[in-house]
Amino acid sequence: MNLTRRPRRNRKSEVIRNMVQENFVTVNDLIFPIFVVEGQNQAIPITSMPGISRFSTDRMLDEIASCVELGVKAFAPFPVISEDKKDRFAMESYNKEGLFPQFIAEVKKNFPDVVLMTDVAMDPYSSDGHDGIVDNGEILNDATLDILAKMALEQARAGADIIGPSDMMDGRVGFIREHLDKNGFSNVAIMSYTAKYASAFYGPFREALDSAPKFGDKKTYQMNPANSREALLEAELDTLEGADYLMVKPGLPYLDIIKSLRDNSHLPIAAYNISGEYAMVKAAAANGWIDGEKAMAEVLLSFKRAGADIILTYFAKEFAQYLKKMNG
(Lines give C-alpha, C1' and ligand atoms only; values in the text may rest on other atoms or scores of the structure.)
Protein backbone atom coordinates (compact mmCIF):
# COMPACT_ATOMS: atom_id res chain seq x y z
CA MET A 1 0.00 0.00 0.00
CA ASN A 2 1.35 3.41 -1.00
CA LEU A 3 -0.36 6.13 1.05
CA THR A 4 0.66 9.61 -0.02
CA ARG A 5 -1.17 11.35 2.81
CA ARG A 6 -0.68 10.02 6.33
CA PRO A 7 -2.25 12.39 8.89
CA ARG A 8 -0.66 10.37 11.69
CA ARG A 9 2.73 11.85 10.74
CA ASN A 10 1.56 15.06 12.41
CA ARG A 11 0.66 13.18 15.58
CA LYS A 12 3.76 11.07 16.15
CA SER A 13 5.31 13.09 18.97
CA GLU A 14 4.21 15.60 21.57
CA VAL A 15 6.41 18.31 20.06
CA ILE A 16 4.85 17.86 16.62
CA ARG A 17 1.35 17.68 18.06
CA ASN A 18 1.96 20.94 19.89
CA MET A 19 3.30 22.60 16.73
CA VAL A 20 0.18 21.84 14.72
CA GLN A 21 -2.38 22.35 17.48
CA GLU A 22 -5.14 24.59 16.14
CA ASN A 23 -6.83 25.84 19.33
CA PHE A 24 -5.66 26.74 22.81
CA VAL A 25 -7.31 27.79 26.06
CA THR A 26 -5.51 30.28 28.29
CA VAL A 27 -6.47 32.09 31.47
CA ASN A 28 -7.03 35.18 29.31
CA ASP A 29 -10.05 33.47 27.73
CA LEU A 30 -11.86 32.86 31.02
CA ILE A 31 -14.48 34.62 33.12
CA PHE A 32 -15.11 33.09 36.55
CA PRO A 33 -18.74 33.17 37.75
CA ILE A 34 -18.85 33.72 41.52
CA PHE A 35 -21.59 33.91 44.17
CA VAL A 36 -21.68 36.60 46.85
CA VAL A 37 -23.80 36.53 50.02
CA GLU A 38 -24.50 38.94 52.83
CA GLY A 39 -22.67 38.81 56.15
CA GLN A 40 -19.10 38.36 57.29
CA ASN A 41 -16.69 35.44 57.11
CA GLN A 42 -19.18 33.37 55.10
CA ALA A 43 -18.04 30.47 52.91
CA ILE A 44 -20.99 28.22 52.12
CA PRO A 45 -20.29 25.24 49.83
CA ILE A 46 -22.78 24.58 47.02
CA THR A 47 -23.65 20.90 47.29
CA SER A 48 -24.37 20.36 43.60
CA MET A 49 -21.22 22.24 42.51
CA PRO A 50 -18.26 20.64 44.32
CA GLY A 51 -15.43 23.12 44.75
CA ILE A 52 -17.69 26.20 44.43
CA SER A 53 -18.96 28.21 47.40
CA ARG A 54 -21.01 31.28 48.17
CA PHE A 55 -18.73 33.85 49.82
CA SER A 56 -19.43 37.00 51.78
CA THR A 57 -17.63 40.06 50.43
CA ASP A 58 -14.66 39.82 52.80
CA ARG A 59 -14.04 36.18 51.93
CA MET A 60 -14.67 36.81 48.24
CA LEU A 61 -11.90 39.39 48.18
CA ASP A 62 -9.52 36.64 49.33
CA GLU A 63 -10.88 34.32 46.63
CA ILE A 64 -10.40 36.96 43.95
CA ALA A 65 -6.84 37.61 45.16
CA SER A 66 -5.98 33.92 44.80
CA CYS A 67 -7.49 33.87 41.31
CA VAL A 68 -5.61 36.99 40.20
CA GLU A 69 -2.38 35.37 41.36
CA LEU A 70 -3.16 32.49 39.00
CA GLY A 71 -3.89 34.85 36.13
CA VAL A 72 -7.71 34.83 36.23
CA LYS A 73 -8.72 38.48 36.16
CA ALA A 74 -12.31 38.52 34.91
CA PHE A 75 -15.28 37.64 37.12
CA ALA A 76 -19.05 37.37 36.75
CA PRO A 77 -20.55 37.87 40.23
CA PHE A 78 -24.10 36.85 41.12
CA PRO A 79 -25.82 38.00 44.33
CA VAL A 80 -27.66 35.74 46.75
CA ILE A 81 -30.53 37.89 48.00
CA SER A 82 -32.47 37.05 51.17
CA GLU A 83 -36.17 36.34 50.75
CA ASP A 84 -37.23 39.32 52.87
CA LYS A 85 -35.66 41.67 50.29
CA LYS A 86 -37.45 40.19 47.30
CA ASP A 87 -40.62 41.61 45.77
CA ARG A 88 -42.46 41.31 42.47
CA PHE A 89 -40.77 44.45 41.10
CA ALA A 90 -37.22 43.46 42.18
CA MET A 91 -36.67 46.85 43.79
CA GLU A 92 -33.58 45.60 45.65
CA SER A 93 -31.87 45.19 42.28
CA TYR A 94 -31.32 48.94 41.96
CA ASN A 95 -30.80 49.78 45.63
CA LYS A 96 -27.40 51.50 45.61
CA GLU A 97 -26.91 50.50 49.26
CA GLY A 98 -27.74 46.88 48.50
CA LEU A 99 -25.43 43.88 48.57
CA PHE A 100 -24.55 43.83 44.87
CA PRO A 101 -23.59 47.47 44.16
CA GLN A 102 -21.65 47.57 47.42
CA PHE A 103 -19.84 44.36 46.49
CA ILE A 104 -18.94 45.68 43.03
CA ALA A 105 -17.54 48.89 44.52
CA GLU A 106 -15.51 46.99 47.11
CA VAL A 107 -13.97 44.70 44.50
CA LYS A 108 -13.03 47.59 42.22
CA LYS A 109 -11.53 49.48 45.15
CA ASN A 110 -9.30 46.54 46.05
CA PHE A 111 -8.68 45.24 42.53
CA PRO A 112 -9.05 48.15 40.11
CA ASP A 113 -7.63 46.17 37.18
CA VAL A 114 -9.93 43.15 37.32
CA VAL A 115 -12.92 43.05 34.99
CA LEU A 116 -16.39 42.61 36.47
CA MET A 117 -19.19 41.42 34.21
CA THR A 118 -22.40 41.91 36.17
CA ASP A 119 -25.71 40.13 35.75
CA VAL A 120 -28.85 42.07 34.83
CA ALA A 121 -32.01 40.04 35.44
CA MET A 122 -34.86 40.20 37.92
CA ASP A 123 -34.87 36.59 39.09
CA PRO A 124 -32.36 36.85 41.99
CA TYR A 125 -34.42 39.73 43.41
CA SER A 126 -37.93 38.69 42.39
CA SER A 127 -40.41 37.09 44.74
CA ASP A 128 -41.75 35.28 41.66
CA GLY A 129 -38.35 33.92 40.61
CA HIS A 130 -38.85 35.08 37.02
CA ASP A 131 -36.76 37.40 34.85
CA GLY A 132 -39.61 39.84 34.29
CA ILE A 133 -42.60 41.39 36.01
CA VAL A 134 -45.38 38.84 36.44
CA ASP A 135 -48.99 39.86 35.88
CA ASN A 136 -51.69 37.18 36.02
CA GLY A 137 -49.16 34.53 35.08
CA GLU A 138 -47.76 36.49 32.12
CA ILE A 139 -44.19 37.80 31.99
CA LEU A 140 -44.44 41.44 30.93
CA ASN A 141 -41.73 42.41 28.46
CA ASP A 142 -41.82 46.19 28.06
CA ALA A 143 -42.66 46.96 31.68
CA THR A 144 -39.60 44.97 32.74
CA LEU A 145 -37.16 47.01 30.64
CA ASP A 146 -37.23 50.01 32.96
CA ILE A 147 -36.25 47.83 35.94
CA LEU A 148 -33.42 46.25 33.96
CA ALA A 149 -32.13 49.67 32.93
CA LYS A 150 -32.19 50.95 36.53
CA MET A 151 -30.35 47.83 37.65
CA ALA A 152 -27.71 48.21 34.92
CA LEU A 153 -27.18 51.87 35.78
CA GLU A 154 -26.56 51.16 39.47
CA GLN A 155 -24.09 48.43 38.55
CA ALA A 156 -22.27 50.80 36.19
CA ARG A 157 -22.15 53.49 38.87
CA ALA A 158 -20.64 50.97 41.28
CA GLY A 159 -17.87 50.14 38.82
CA ALA A 160 -19.06 47.32 36.55
CA ASP A 161 -17.02 47.00 33.36
CA ILE A 162 -19.45 44.85 31.37
CA ILE A 163 -23.20 44.57 31.81
CA GLY A 164 -24.64 41.11 31.16
CA PRO A 165 -28.39 41.15 30.47
CA SER A 166 -29.46 37.53 31.02
CA ASP A 167 -33.23 38.09 31.09
CA MET A 168 -34.09 37.48 27.40
CA MET A 169 -36.65 40.30 27.25
CA ASP A 170 -37.06 41.67 23.72
CA GLY A 171 -35.34 45.03 23.18
CA ARG A 172 -33.47 45.09 26.47
CA VAL A 173 -29.99 45.57 24.95
CA GLY A 174 -30.98 48.76 23.16
CA PHE A 175 -32.97 50.04 26.14
CA ILE A 176 -30.03 49.47 28.52
CA ARG A 177 -27.52 50.91 26.03
CA GLU A 178 -29.53 54.11 25.69
CA HIS A 179 -29.97 54.41 29.47
CA LEU A 180 -26.26 53.91 30.13
CA ASP A 181 -25.22 56.37 27.43
CA LYS A 182 -27.50 59.19 28.52
CA ASN A 183 -26.17 58.82 32.08
CA GLY A 184 -22.52 59.07 31.08
CA PHE A 185 -21.59 55.39 30.93
CA SER A 186 -20.94 54.99 27.21
CA ASN A 187 -17.70 53.11 27.98
CA VAL A 188 -19.47 50.35 29.90
CA ALA A 189 -19.86 47.39 27.56
CA ILE A 190 -22.78 45.00 27.13
CA MET A 191 -22.36 41.25 26.83
CA SER A 192 -25.77 40.06 25.80
CA TYR A 193 -27.04 36.62 26.68
CA THR A 194 -28.00 36.39 23.02
CA ALA A 195 -29.00 32.75 22.72
CA LYS A 196 -30.09 31.67 26.18
CA TYR A 197 -32.01 28.43 26.01
CA ALA A 198 -34.74 27.07 28.29
CA SER A 199 -32.39 24.35 29.46
CA ALA A 200 -32.50 21.47 31.92
CA PHE A 201 -28.91 22.22 32.94
CA TYR A 202 -29.53 25.27 35.18
CA GLY A 203 -30.45 23.37 38.36
CA PRO A 204 -27.24 23.83 40.39
CA PHE A 205 -27.13 27.55 39.61
CA ARG A 206 -30.68 28.00 40.82
CA GLU A 207 -29.77 26.15 44.00
CA ALA A 208 -26.82 28.50 44.48
CA LEU A 209 -28.99 31.62 44.17
CA ASP A 210 -32.27 30.17 45.44
CA SER A 211 -33.80 31.76 42.34
CA ALA A 212 -35.94 29.04 40.76
CA PRO A 213 -39.31 30.19 39.37
CA LYS A 214 -42.08 30.00 41.94
CA PHE A 215 -44.44 28.79 39.23
CA GLY A 216 -44.25 27.55 35.65
CA ASP A 217 -41.07 27.75 33.60
CA LYS A 218 -39.17 30.26 31.46
CA LYS A 219 -40.15 28.97 28.05
CA THR A 220 -42.03 32.13 27.02
CA TYR A 221 -38.80 34.13 27.05
CA GLN A 222 -35.85 31.73 26.94
CA MET A 223 -35.23 29.98 23.63
CA ASN A 224 -36.52 26.59 22.54
CA PRO A 225 -33.64 24.05 22.57
CA ALA A 226 -34.91 22.75 19.22
CA ASN A 227 -34.16 26.05 17.43
CA SER A 228 -30.96 27.24 15.82
CA ARG A 229 -31.95 29.82 13.17
CA GLU A 230 -33.69 31.80 15.90
CA ALA A 231 -30.27 32.41 17.49
CA LEU A 232 -29.20 34.29 14.37
CA LEU A 233 -32.25 36.53 14.68
CA GLU A 234 -31.41 37.25 18.33
CA ALA A 235 -27.79 37.95 17.34
CA GLU A 236 -28.84 40.36 14.60
CA LEU A 237 -31.14 42.26 16.95
CA ASP A 238 -28.59 42.44 19.77
CA THR A 239 -25.94 43.70 17.35
CA LEU A 240 -28.23 46.40 16.00
CA GLU A 241 -29.15 47.42 19.54
CA GLY A 242 -25.50 47.93 20.50
CA ALA A 243 -24.22 44.72 22.09
CA ASP A 244 -20.43 44.50 22.34
CA TYR A 245 -20.33 40.72 22.85
CA LEU A 246 -22.73 37.88 22.05
CA MET A 247 -23.13 34.92 24.39
CA VAL A 248 -24.51 31.40 24.04
CA LYS A 249 -25.87 29.68 27.15
CA PRO A 250 -25.64 26.75 27.89
CA GLY A 251 -22.40 25.81 26.19
CA LEU A 252 -21.87 22.10 25.66
CA PRO A 253 -25.28 21.16 24.20
CA TYR A 254 -25.10 24.23 21.93
CA LEU A 255 -21.67 24.09 20.29
CA ASP A 256 -23.42 24.32 16.93
CA ILE A 257 -24.97 27.64 17.99
CA ILE A 258 -21.57 29.00 19.02
CA LYS A 259 -20.22 28.01 15.60
CA SER A 260 -23.21 29.58 13.84
CA LEU A 261 -22.77 32.90 15.66
CA ARG A 262 -19.03 32.82 15.00
CA ASP A 263 -19.64 32.30 11.28
CA ASN A 264 -22.19 35.11 11.08
CA SER A 265 -20.84 37.83 13.36
CA HIS A 266 -17.70 39.88 13.76
CA LEU A 267 -18.42 40.53 17.44
CA PRO A 268 -16.60 38.53 20.14
CA ILE A 269 -18.52 35.35 21.00
CA ALA A 270 -18.80 34.04 24.56
CA ALA A 271 -19.84 30.58 25.73
CA TYR A 272 -21.22 29.92 29.19
CA ASN A 273 -20.07 26.53 30.51
CA ILE A 274 -22.95 26.38 32.96
CA SER A 275 -23.53 24.83 36.36
CA GLY A 276 -25.13 21.59 35.15
CA GLU A 277 -22.26 20.94 32.76
CA TYR A 278 -19.77 21.56 35.55
CA ALA A 279 -21.72 19.32 37.95
CA MET A 280 -21.81 16.43 35.48
CA VAL A 281 -18.04 16.42 35.06
CA LYS A 282 -17.51 16.69 38.80
CA ALA A 283 -19.97 13.87 39.57
CA ALA A 284 -18.47 11.53 36.99
CA ALA A 285 -14.95 12.29 38.21
CA ALA A 286 -15.95 11.72 41.85
CA ASN A 287 -17.20 8.27 40.90
CA GLY A 288 -13.99 7.44 39.08
CA TRP A 289 -15.74 7.18 35.72
CA ILE A 290 -13.62 9.86 34.00
CA ASP A 291 -10.41 11.76 34.56
CA GLY A 292 -11.77 15.05 35.86
CA GLU A 293 -8.82 17.24 34.89
CA LYS A 294 -8.60 15.89 31.35
CA ALA A 295 -12.36 16.15 30.90
CA MET A 296 -12.29 19.76 32.14
CA ALA A 297 -9.56 20.67 29.66
CA GLU A 298 -11.37 18.90 26.81
CA VAL A 299 -14.66 20.64 27.57
CA LEU A 300 -13.07 24.09 27.60
CA LEU A 301 -11.16 23.34 24.40
CA SER A 302 -14.41 22.39 22.67
CA PHE A 303 -15.72 25.93 23.15
CA LYS A 304 -12.64 27.42 21.54
CA ARG A 305 -12.82 24.95 18.66
CA ALA A 306 -16.46 25.89 18.08
CA GLY A 307 -15.44 29.55 17.82
CA ALA A 308 -15.83 31.09 21.26
CA ASP A 309 -13.44 33.89 22.16
CA ILE A 310 -14.50 33.97 25.81
CA ILE A 311 -15.57 31.19 28.18
CA LEU A 312 -17.54 31.73 31.36
CA THR A 313 -16.80 28.68 33.48
CA TYR A 314 -16.83 27.48 37.07
CA PHE A 315 -13.63 25.63 36.15
CA ALA A 316 -11.74 28.93 35.74
CA LYS A 317 -9.69 28.78 38.93
CA GLU A 318 -9.18 25.03 38.74
CA PHE A 319 -8.10 25.27 35.11
CA ALA A 320 -5.62 28.03 35.96
CA GLN A 321 -4.15 25.74 38.63
CA TYR A 322 -4.05 22.92 36.09
CA LEU A 323 -2.16 25.07 33.57
CA LYS A 324 0.32 26.14 36.23
CA LYS A 325 0.95 22.50 37.10
CA MET A 326 1.28 21.45 33.45
CA ASN A 327 3.70 24.29 32.72
CA GLY A 328 5.86 23.46 35.73
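Me: Why is Thr313 called buried?

Reply: A residue counts as buried under 20% relative accessible area, as exposed over 50%, and as partly exposed in between, with a 1.4 Å probe and only protein chains counted; Thr313 has a relative accessible area of 0%, so Thr313 is buried. This is a predicted model, in which local features need pLDDT of at least 70 and side-chain atom pairs count only at pLDDT 80 or more, while totals for chains, interfaces and linings use all residues. Residues are numbered from 1 along each chain as its sequence is written, and side-chain values use heavy atoms, with hydrogens and water left out.

Me: What surrounds Thr313, leaving aside its neighbours within four places in sequence?

Reply: Thr313 belongs to strand S12, residues 310–313, where strands (E, at least two residues) and helices (H or I, at least four) are DSSP runs numbered from the N terminus. With contact taken as heavy atoms within 4.5 Å, Thr313 touches Leu30, Ile31, Phe32, Pro33, Asn273 and Leu300. The side chain of Thr313 also reaches the backbone nitrogen of Phe315 at 3.0 Å.

Me: Which residues have the most contacts inside the largest nonpolar core?

Reply: They are Phe35, Phe75, Ile163, Met191, Tyr272 and Leu312, in a core of 104 residues; such a core is a set of buried Ala, Val, Leu, Ile, Met, Phe, Trp, Tyr and Cys residues joined through side-chain atoms within 4.5 Å. For Leu312, the contacts beyond four places in sequence include Met191 and Tyr272, together with Ile31, Pro33 and Met247.

Me: Is Thr118 buried or exposed, and what makes it so?

Reply: The relative accessible area of Thr118 is 1%, and Thr118 is therefore buried. Thr118 is found in strand S5, residues 115–120, and among its contacts outside its sequence neighbourhood are Pro77, Phe100, Ile104, Gln155 and Ile163.

Me: What makes Val15 count as exposed?

Reply: Val15 counts as exposed because its relative accessibility is 58%.

Me: What parts of the chain does the salt bridge between Lys325 and Glu293 tie together?

Reply: The closest N and O atoms of Lys325 and Glu293 are 2.8 Å apart. Lys325 lies in helix H11 and Glu293 in helix H10, so the pair ties together parts that are 32 residues apart in sequence. Another salt bridge joins Arg262 to Asp309, with closest N and O atoms 2.7 Å apart; this pair links distant parts of the chain, Arg262 being in helix H8 (residues 255–264) and Asp309 in the loop between H10 and S12, 47 residues apart.

Me: Which residues of helix H11 are buried?

Reply: In H11, residues 316–326, the buried ones are Ala316, Lys317, Phe319, Ala320 and Tyr322. The buried residues of H11 pack against strand S1 (30–37), helix H2 (57–70), helix H10 (292–306) and S12.

Me: What polar contact does the side chain of Asn141 make with another side chain?

Reply: Its partner is the side chain of Asp142, at 3.0 Å. A polar contact is a pair of N or O atoms within 3.5 Å; within protein, one must be able to donate a hydrogen and the other to accept it, and residues adjacent in sequence count only if both atoms are side-chain atoms. The side chain of Asn141 also reaches the backbone nitrogen of Asp170 at 2.7 Å, although Asn141 and Asp170 are 29 residues apart in sequence.

Terms used:
A salt bridge is a side-chain nitrogen of Lys or Arg within 4 Å of a carboxyl oxygen of Asp or Glu.
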